[in-house]
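Please read each point with the model in view.

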Amino acid sequence: MDIAGGLLYGLGVALAPGNLLACFVGVFVGTLIGVLPGIGPVATMSLLLPVTYAMSPAASVIMMAGIYYGAMYGGSTTSILVNLPGEAASVVTCLDGYQMARQGRAGPALGIAAFGSFLAGTVSVVGIMLLAPPLTKVALSFGPPEIFGLLLLGFTMVTYLSAGSKLRAVAMALAGMLLGTVGLDPITATPRFTFGSLTLADGIGLVPMIMGLFGISEVLLNIEKGIKQDVFLTRVTGLLPTREDWKRSAAPIARGSALGFLLGILPGIGAIIPTFISYALERRVSKHPERFGTGMIEGVAGPESANNAATGGAMIPLLTLGIAPNVVMAVLLGAFLIHGVQPGPLMIRERPEMFWGVVASMYVGNIILLVLNLPLIGLWVQLLRVPYGILFPLILLFCVIGVYSESGNMWDIVVMLVFAVVGYLMKKFGFEAAPLVLAFVLGRMAEESIRQSLLLSRGSFDILLTRPLATTFIALAVAIVVLPAALPGTRAALRMIGRETTE
Amino acid sequence: MRRDAWPPAVLAVAGVLAINEARRLRFGTVAVPGPGFFPLALAVSFAAVSLVLLVIALRASGVGQLDGGAGTDRHPEEGGAKWKVLATLAAMTLYAFALEPAGFVVSTAGLVLFFFRVLERQRWVVAVPASMLTSIATYVVFKMWLQVRLPPGPWGL
C-alpha cells in the first residue's frame with residue numbers, strides 16, 4: 001500500500017463511528033487531565049488501560065494516543081491562565097503565556113497555543129506517514145544486536161539529558177533495570193528476586209509502578225504543600241490571534257514543529273525536553289531576547305508546537321520497531337500488547353488497520369482538539385476552580401481502581417503505595433522518575449537482546465561491533481558520553497540545555 | 001549525617017543487598033549468560049554508582065561544615081503538612097487490605113469520608129453524604145458502565 005492509499009485506508013478506519021468516538025473520548029479526557037494539575041497523561045493512560053479490554057484493538061490505541069496529545073493541548077491552558085503547568089511539557093509556556101494573560105492577552109496566547117499545536121500535530125502526522133514506511137524496511141533488518149545498540153543509545157540519552165545530576169539519573173536507570181529483572185528469567189524461567197512471592201513472580205507491574213511514582217506521589221506532594229488556586233479572572237476574549245501575532249509566531253511554530261518531531265523520535269527524549277530547547281532557540285534567534293519572559297508570543301508558539309510534534313515523533317520508534325522511546329509510549333505499547341498486537345516492522349503489513357488507523361486518527365484528533373478547545377476554554381477555566389480537596393480523593397481513587405482492575409490482585413495496590421513513597425522521596429531528594437521507569441521497561445528487552453546476541457555469536461562481543469547499524473548506535477551512545485568531555489563547546493551546549501531544563 | 005547523604009546511603013545498602021541476592025542465581029559464562037548474569041552486573045554497577053554518590057554527598061557535607069554548617073539545612077521551605085502525607089498513606093494501606101473483605105462501595109466510602117472529614121475538615125453533614133455519593137458514583141461509572149473489575153464485597157457491592 002502506498003502512502004496516499006494508506007492514509008485513505010487509515011481515514012476510513014479512524015472515521016468509523018466506534019473509532020471516532022474513541023478518538024473523541026481520548027482527546028477530551030486528555031485535555032481534561034492536561035488542564036487539571038496533579039494528574040498527567042501517564043497515570044491517566046494507565047488508569048484507562050483496563051477500560052480498553054472491552055474495546056477493539058484499534059479503538060483502544062486510538063483513545064490512548066488521543067489522551068497523550070490531548071494532554072499536550074490542555075497543559076497549556078493552565079500554564080497561561082494560572083501560571084501552573086497542568087502537565088510537565090507545558091512548564092515553559094508559563095514563562096511568557098502567563099505574562100501575556102496578565103497583560104490581558106490570554107485569548108491570543110491560548111489561541112496561538114491551540115493553532116500551533118494543531119499545525120505541529122499536522123507536521124508530525126505527515127512526518128510519520130513519510131518516515132515510518134521506509135523505516136519499517138530498515139527495521140526488518142534489525143536483529144538482537146541492533147536492538148541492543150538502540151536501547152543502549154536510549155539509556156544514554158535519557159540519563160544524559162535528564163535535568164538534574166547525571167550520576168543520579170544513571171543510578172535511577174540502573175535501579176529501574178534491576179527492578180525489571182524481578183520475576184522469571186526471560187530465557188530459563190528461573191525466579192529472580194521474588195523471595196517466594198507469587199505477586200513478584202509475575203514481575204513488578206508497570207501500571208502500579210507508574211501510578212505510584214507519577215500519580216500518588218504527586219498528590220502526596222500537593223496535599224503536603226497545599227495547592228493555591230489563583231485563576232486569572234479577566235475574561236478570556238479574542239481567541240483568534242491578530243495578523244501581527246501570526247507574523248511573529250509563524251517561524252517559531254515551524255521551528256518548534258520540526259525540532260519537536262525530530263527530537264521526539266530519539267529514544268529517551270519525550271515531550272518535555274523539546275519545549276525547553278525550542279524556548280532557548282526562540283530566545284537565541286530573537287532580535288529581543290531580553291524581552292522573553294515578559295509576554296512574548298514566540299515563547300508560547302514555539303514550545304507548544306514542539307511538545308505536540310514530539311508526541312507524533314515518539315510514535316515512530318513504537319510503530320516501526322516496537323520500542324517505547326519514553327514512558328508514555330511504554331503505556332501505549334501496553335495497550336497494543338493486551339490486544340495481542342505486537343507493534344514493529346511487521347505491523348504495517350499484517351495489521352494495516354492498526355498502523356494507518358492510528359496515524360490517521362491522530363490527524364482527526366488534532367482537528368477535534370482545535371474545534372473542541374477554543375469554544376471549551378470557558379469550561380476548562382471553571383474546572384480549574386474545583387478545589388483540590390475534592391479533586392485529590394478522586395485522583396487517589398482512580399489510581400486504586402486502575403491498578404486493581406488491571407490485575408484483580410490487591411497486592412498490586414500495596415506495590416503502588418510502595419512506589420508512591422519511593423516517588424515522593426525521589427522528588428524530595430531531587431531524583432528523577434523517568435529514567436527509572438524507562439529503564440524498567442527497556443531493561444528486559446536489553447537483557448533479552450544482549451543474551452540472544454551472545455548466543456548468536458557464541459559468546460563474542462564482536463557481534464556488536466561488526467554489524468553497521470548496531471555499531472552506529474553504540475558509537476552514538478559513546479559519543480554522547482565522550483564528546484562533552486573532549487569538546488568544551490558540546491559541554492557548554494549540553495550544560496545550557498541542562499540549565500534551561502532545570503530553571 | 002547530612003540530609004543529602006541519606007538517599008545515596010540507602011541506595012548503596014539496597015545495592016549490596018541486591019548483590020547478595022543476585023549471587024545466589026546461576027551466573028553462567030559470558031558465552032552463555034545464566035539468569036544471574038544480568039542481575040549481578042546491574043547490582044554491582046548500581047551499588048558502585050550509589051557509593052560514588054554517597055562519597056560526593058559526604059565530601060560536600062564536609063565542605064558545608066567548614067562553611068559553618070551551611071549545608072545542613074538547605075530545604076527550610078519543606079516543612080509543610082507532613083502528617084497529611086503519613087495519614088493518607090496509612091489510610092490507603094488500610095483501604096487496600098479492607099477492599100476485598102468489605103467490598104468496594106463500603107471501603108471506598110470509608111476512605112473518602114476519612115479524606116473529607118480528617119484531612120479537609122469538612123462538617124459531618126457534608127462529609128458523610130459526599131463520601132457515600134463519591135463511592136456509589138465511581139461504582140456506577142467504573143463497574144456498571146465501563147465494566148471494570150472491582151472487588152465484590154459481602155453484598156455483591
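How many helices and how many strands does chain B have?

1. Chain B has five helices and zero strands. Helices (H or I, at least four residues) and strands (E, at least two) are here DSSP runs, numbered from the N terminus. Read from the N terminus, the elements of chain B follow the order α-α-α-α-α.

2. On conventions: this is a predicted model, in which local features need pLDDT of at least 70 and side-chain atom pairs count only at pLDDT 80 or more, while totals for chains, interfaces and linings use all residues. Residues are numbered from 1 along each chain as its sequence is written, and chains are lettered from A and ligands numbered from 1 in the order in which they are written.

3. Of the 157 residues in chain B, 31% are buried. A residue is buried if 20 or more other C-beta atoms lie within 10 Å of its own, exposed if 12 or fewer, and partly exposed in between, with C-beta atoms placed from the backbone. Among the contacts in chain B with a separation of 6 or more, 54% join residues 24 or more positions apart. Two residues are in contact if their C-beta atoms, placed from the backbone, lie within 7 Å.

4. Between the chains, 43 residues of chain A are in contact with 48 residues of chain B. On the side of chain A that touches chain B, at least two residues each come from helix 8 (166-180), helix 10 (206-225), helix 17 (388-407), helix 18 (411-428) and helix 19 of chain A. Helix 8 of chain A gives the largest share of that side, eight residues. By class, the side of chain A that touches chain B has 26 nonpolar, eight polar and nine charged residues. Ala, Val, Leu, Ile, Met, Phe, Trp, Tyr, Cys and Pro count as nonpolar, Asp, Glu, Lys and Arg as charged, and the others, Gly among them, as polar.

5. Helix 8 of chain A is largely enclosed by the rest of the structure, because 13 of its 15 residues are buried.

6. Helix 17 of chain A is mostly covered, with 14 of its 20 residues buried. Just after helix 17 of chain A, A:Gly408 has a positive phi of about 70 degrees.

7. Within chain A, helix 2 (residues 17-35) and helix 16 (residues 352-383) pack at an angle of about 45 degrees, with their axes 8 Å apart. Helix 2 of chain A is therefore oblique to helix 16 of chain A. Angles under 35 degrees count as roughly parallel, over 145 as roughly antiparallel, 65 to 115 as roughly perpendicular and the rest as oblique.

8. Most residues other than glycine have a negative phi. Which surroundings accompany the positive phi of A:Phe193? A:Phe193, with phi near 50 degrees, lies in the loop between strand 2 (191-192) and helix 9 (198-201) of chain A. A:Phe193 is buried, with 21 other C-beta atoms within 10 Å. A:Arg458 also has a positive phi, of about 55 degrees, but is exposed, with 9 other C-beta atoms within 10 Å.

Terms used
Axes are lines fitted to C-alpha atoms, for helices over the stretch in contact, and angles run from 0 to 180 degrees between N-to-C directions.
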